[in-house]
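Me: I would like to learn how to read a protein structure, one feature at a time. Please give the general idea first and then the case at hand.

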Amino acid sequence: MKLTFWGAAQTVTGSMHEVKVQGRRYLLDCGLYQGRRFEARTRNSKFPWPATAVDGVILSHAHIDHSGNLPSLTKNGYQGPVFATPATIDLCAAMLPDSAHVQEKDALFLAKRKHRRRSLGEDDPTEIAEPLYSAEDAEATIPLMKPVPIGEVFEAGPGFTCRTFDAGHMLGSSCIHMELEHQGKRRSVIFSGDVGRKNLPIIRDPDEAPPADYLIMESTYGDRLHQDASGVEGKLADVINRTAKRGGRVICPAFAVGRTQQLVLLLHQLSEAGRIPKLPVFVDSPLAVNVTGVFQSRIECYDQETASFISNGKDPFSFPNLRYIKDVAESKALNDLRSPCIIISASGMCEFGRILHHLRNNIENPHNTVLITGFQAEHTLGRKIVDKQPEVTIFGEPMRLRAEVVKLNELSGHADQSELLAWMKPITPRLKKIFLVHGEPRQSQALAQAIRSIYGIETIIPSRSDTVTFD
């Protein structure tokens, strides 16, 4: 029984871990790695083994850094099962084809610009890469998905029994408890996926997971403590009111899945309470529009507060001054608006999609605000904006960052250090080793030190391709 770390090892993207039991190979997640263009292309397009050598995939949740490379697996011949919760499957049905579409559009845009510059005698060093996969590859992945409701036990393969628990990270997210058996030996392993927080909007709190021999746990915010989520409404209202007063726009890069819906719900509540002016709110993302439809249909995943909207005959994701945009022409028309407004658009790390156009048209205006509401991985445009670099590059062009930049940490879907330590406590009595993944080195090292100090358990921070054997 072996475990190999192929993704999200000392980084926060491209989650993919290999479990081998009874001679069969299974993947925990199959996510897209995001970062420098060339490195990302290499990692995402080349698997460590033939795709046909994989016997099964267990998907923790639908975020692209966990699910987004499944179509590459399918493209290369994989035809096995992908076990996931029903809500995760619904979300992937919208997200994976959209990922292919965004890759195609961005490649086309960059190619056109490169051709135009060359025709003018200008140099353009931007590398143009073919999309990793097509919409057809993405659509061919969905029928492979097998629904596993939260709490259900299922057989992933011989000697490999799993049970899911609510991770409280996003709609349909799960952690997985695995029982492995080989040559008379039995070991239990928990893969945390991404651990959520208590009292987040929309979704239920994380479940308590049972004890296990080994734990693979995320460490995204392993070196810090979040601000209390109860203050998020006031902080959001202050940002909007301040920006509106100076006649500016709030440009919000947001993950189309989860974060956008949280923002919409909060803006709905603030608008109803009269705490912000009734500014036009635009959700400019075809994916976010489709995903919101999934949220509206999966009411069994709601927490009590969000469920109360339904019981009172209201839609939590709709209010009078909110407008969802799919059409490209309508998206471009937002550039002509001169009055204050709020634009929520993807991608959340500002690496691709419509948000790049909105940033290009707005970050040089000091009246505007760029509102960052999620984790920004190293080397991404979002991280450069959070770090307030005076100049950033968008579509190969240098842009001055003159807009106000605000980081809203309260909405993070990832547990902080204290929350991770509390979540893992029930698991600790039998734990032999802990493996920290999905974190940059500083975050993982800080959490490892805290775990060793509090629980006295051996904690390892694996590198990419590291392999361990379950004794």
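Reply: We begin with Glu152, which is found in the loop between strand S6 (145-147) and strand S7 (153-157). Helices (H or I, at least four residues) and strands (E, at least two) are DSSP runs, numbered from the N terminus. The model is predicted: local features need pLDDT of at least 70, side-chain atom pairs count only at pLDDT 80 or more, and totals for chains, interfaces and linings use all residues. Residues are numbered from 1 along each chain as its sequence is written, and side-chain values use heavy atoms, with hydrogens and water left out.

Me: Is Glu152 buried, exposed or partly exposed, and which residues does Glu152 touch?

Reply: Buried means under 20% relative accessible area, exposed over 50%, and partly exposed in between (1.4 Å probe, protein chains only). Glu152 counts as partly exposed because its relative accessibility is 36%. Contact means heavy atoms within 4.5 Å. Not counting residues up to four places away in sequence, Glu152 touches Cys162, Arg163 and Thr164. Glu152 and Thr164 are 12 residues apart in sequence, and their C-alpha atoms are 6.2 Å apart in space.

Me: What does a buried residue in a helix look like here? Which residues does Ser271 touch?

Reply: Ser271 lies in helix H7 (residues 259-272). Its relative accessibility is 5%, so Ser271 counts as buried. Leaving out residues up to four places away in sequence, Ser271 touches Ile276, Lys278 and Asn321.

Me: And in a strand? Which residues does Ile216 touch?

Reply: Ile216 has its place in strand S11 (residues 214-218). With 1% relative accessibility, Ile216 counts as buried. Beyond residues up to four places away in sequence, Ile216 touches Leu3, Phe5, Leu28, Val189, Ile190, Phe191, Ser192, Phe435 and Val437. Sequence separation and distance in space can both be given for a pair: Ile216 and Gln376 are 160 residues apart in sequence and 22 Å apart in space, C-alpha to C-alpha.

Me: Where is Tyr214 found, and is Tyr214 buried or exposed?

Reply: Tyr214 is found in strand S11. Tyr214 is buried, with a relative accessible area of 3%. Leaving aside neighbours within four places in sequence, Tyr214 is in contact with several residues, among them Arg187, Val189, Leu431, Phe435 and Asp471. For the pair Tyr214 and Leu96, the separation is 118 residues in sequence and 31 Å in space, C-alpha to C-alpha.

Me: How do I read a nonpolar core? Which residues touch the most other members of the largest nonpolar core?

Reply: In soluble globular proteins, nonpolar side chains tend to be buried together. A nonpolar core is a set of buried Ala, Val, Leu, Ile, Met, Phe, Trp, Tyr and Cys residues joined through side-chain atoms within 4.5 Å. The largest core here has 75 residues, and Leu73, Leu91, Leu236, Leu267 and Ile344 touch the most other members. Helix H4 (residues 86-119) gives the largest share of this core, 8 residues. Apart from this core lies another, of 26 residues, including Leu3, Val19, Ala156 and Phe191. As for Ile344, its contacts beyond neighbours within four places in sequence include Cys252, Leu263, Leu267 and Phe282.

Me: What about the backbone? Which residues have a positive phi without being glycine?

Reply: Most residues other than glycine have a negative phi, and most peptide bonds are trans. Gln10 is not a glycine, yet its phi is positive, about 60 degrees. Gln10 sits in the loop between strand S1 (2-7) and strand S2 (16-21), and counts as partly exposed because its relative accessibility is 31%. Ser465, also not a glycine, has a positive phi near 80 degrees. Ser465 lies in the loop between strand S21 (458-460) and strand S22 (467-469), and at 38% relative accessibility Ser465 counts as partly exposed.

Me: Which two residues does a cis peptide bond join?

Reply: The cis peptide bond joins Ala346 and Ser347, with omega about 15 degrees. Ser347 is in the loop between strand S15 (342-345) and helix H11 (355-362).

Me: Last, how many helices and strands does the protein have?

Reply: The secondary structure comes to 14 helices and 22 strands. Of the 471 residues, 58% count as buried.
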